[in-house]
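Have the model open while you read.

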Amino acid sequence: MPVSYMEINLNALRHNLRVIRQHLPKEVNVLAVVKANAYGHGAVETLRIAMEEGYTAAAVARVEEGAKLREAGFTCPIYVLGLPLPEDMLMGVKYDLTLPVDDTVDLDAFEDIAKGAGKTVEVMMPIDTGMNRIGTHPEDVKPFLKKLAGYPHLHLHGTWTHMATADCKDKSAALKQLDRFDEAIAQMPVTDDFVISSANSAGVIDIPKSWHNLARPGIIIYGPQPSDEMEHKLDLQYVMRIVSHVTHVQTLHKGEAIGYGGTYVADKDMKTATVPIGYADGYPRCLSNKGEVLIGGKRCPIVGRICMDQFMVAVDDSVKPGDEVILMGRQGEGEITLDEVAKTAGTIPHEITCDLKRIPRVFVEK
Ligand SMILES: *Cc1c(COP(=O)(O)O)cnc(C)c1O
């Protein structure tokens with residue numbers, strides 16, 4: 001086993017996928033959002049279990065991510081969420097990915113690429129109902145559809161919109177976005193197999209109006225609730241644990257400083273332990289002098305600044321080199337949750353798990 005690693009609990013992942021699937025009516029399909037390597041958890045492994053649990057498709061941010069899933073053998077629809085430039089279209093067509101197009105995309109280039117490959121490409125039409133990121137506005141849907149109809153190698157597969165505030169306590173803006181989405185849908189050629197989608201994780205939990213015929217949960221697959229303003233909660237389990245081991249133990253004498261900048265000075269003789277993970281691994285540097293870890297089930301505060309590859313914690317006399325350190329997850333009676341780490345770092349759980357890229361993933365079932 002490596003000294004520092006990310007433990008991914010496949011049973012917890014399966015539990016969450018099942019809870020989400022069971023929360024939605026049978027007639028609503030669900031895809032697994034596995035962008036950014038499944039928010040750091042491993043896209044191939046996550047999607048494999050999602051398929052076993054009855055999920056019908058995957059969503060990724062970029063064509064390269066979709067290509068990797070195809071090369072791993074997945075044959076389900078793979079939706080790319082980000083708008084393609086011509087370079088992306090080539091790869092998207094090669095790997096049979098479902099790409100989004102709005103009224104800013106170069107459809108001539110796309111048609112040429114599809115025609116050149118001898119394929120009819122499935123495209124999605126994202127609608128901008130208030131996020132102001134990508135998508136055609138509802139009032140521009142008619143002319144855009146008319147234009148799209150002139151490209152015989154681009155086939156309209158469905159539509160989606162993305163809510164900006166579904167995880168807020170006040171749902172009025174999200175509901176207004178869904179009304180705008182309805183206006184857009186009313187102008188589309190809706191057949192039985194036309195895909196309509198707007199539910200992110202918060203929509204899945206709190207907003208039945210957003211379910212349509214395809215839900216797109218991301219973060220809840222991995223354990224956190226979408227925010228602490230949610231009206232309802234699903235019974236979810238954290239999937240990721242961050243494990244390391246003490247490499248060095250020493251006495252820090254009263255008056256001595258520790259780490260870069262000497263930002264922590266011992267006010268009495270104390271023991272410190274060194275942990276071989278740092279900000280280059282994605283452990284946030286802003287946890288310097290703020291975060292805590294578990295050793296022997298007990299909390300140990302970080303002392304001094306987090307370095308690129310290591311940091312130091314205050315420990316008691318029992319701690320020795322080789323002891324297991326938990327940066328995130330359970331150990332004995334103790335637990336440091338992903339939500340706690342994110343809160344202390346002043347960010348959201350998504351950013352924490354996406355950033356943890358250098359340490360290897362170890363998959364367990366327990
Ligand atoms: C990331 C993303 C999702 C998933 O969002 P969560 O809040 O993690 O559930 C769904 N749809 C789009 C368009 C996204 O970009």
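How far does a polar side-chain atom of Tyr39 lie from an oxygen atom of the ligand? The distance is 2.6 Å. A polar contact here is a pair of N or O atoms within 3.5 Å. On the nitrogen side of things, an N or O atom in the side chain of Arg216 sits 2.9 Å from a ligand nitrogen, and a polar side-chain atom of His162 is 3.4 Å from a ligand nitrogen. The ligand exposes 390 Å² when taken alone, and the protein buries 89% of that (Shrake-Rupley areas, 1.4 Å probe).

Before going on, a word on the source: this is a predicted model, where local features need pLDDT of at least 70 and side-chain atom pairs count only at pLDDT 80 or more, while totals for chains, interfaces and linings use all residues. Residues are numbered from 1 along each chain as its sequence is written, and side-chain values use heavy atoms, with hydrogens and water left out.

## Around the ligand

The residues surrounding the ligand (a heavy atom within 4 Å) include Val33, Lys35, Leu81, Arg133 and Ile219. Sorted by class, the shell has five nonpolar, four polar and three charged residues.

## Cysteines

What about disulfides, meaning pairs of cysteine sulfur atoms within 2.5 Å? The structure has zero. Cys300 is in no disulfide either, with the nearest cysteine sulfur, in Cys307, at 17 Å.

Methods
A polar contact is a pair of N or O atoms within 3.5 Å; within protein, one must be able to donate a hydrogen and the other to accept it, and residues adjacent in sequence count only if both atoms are side-chain atoms. Ala, Val, Leu, Ile, Met, Phe, Trp, Tyr, Cys and Pro count as nonpolar, Asp, Glu, Lys and Arg as charged, and the others, Gly among them, as polar. A disulfide is a pair of cysteine sulfur atoms within 2.5 Å.
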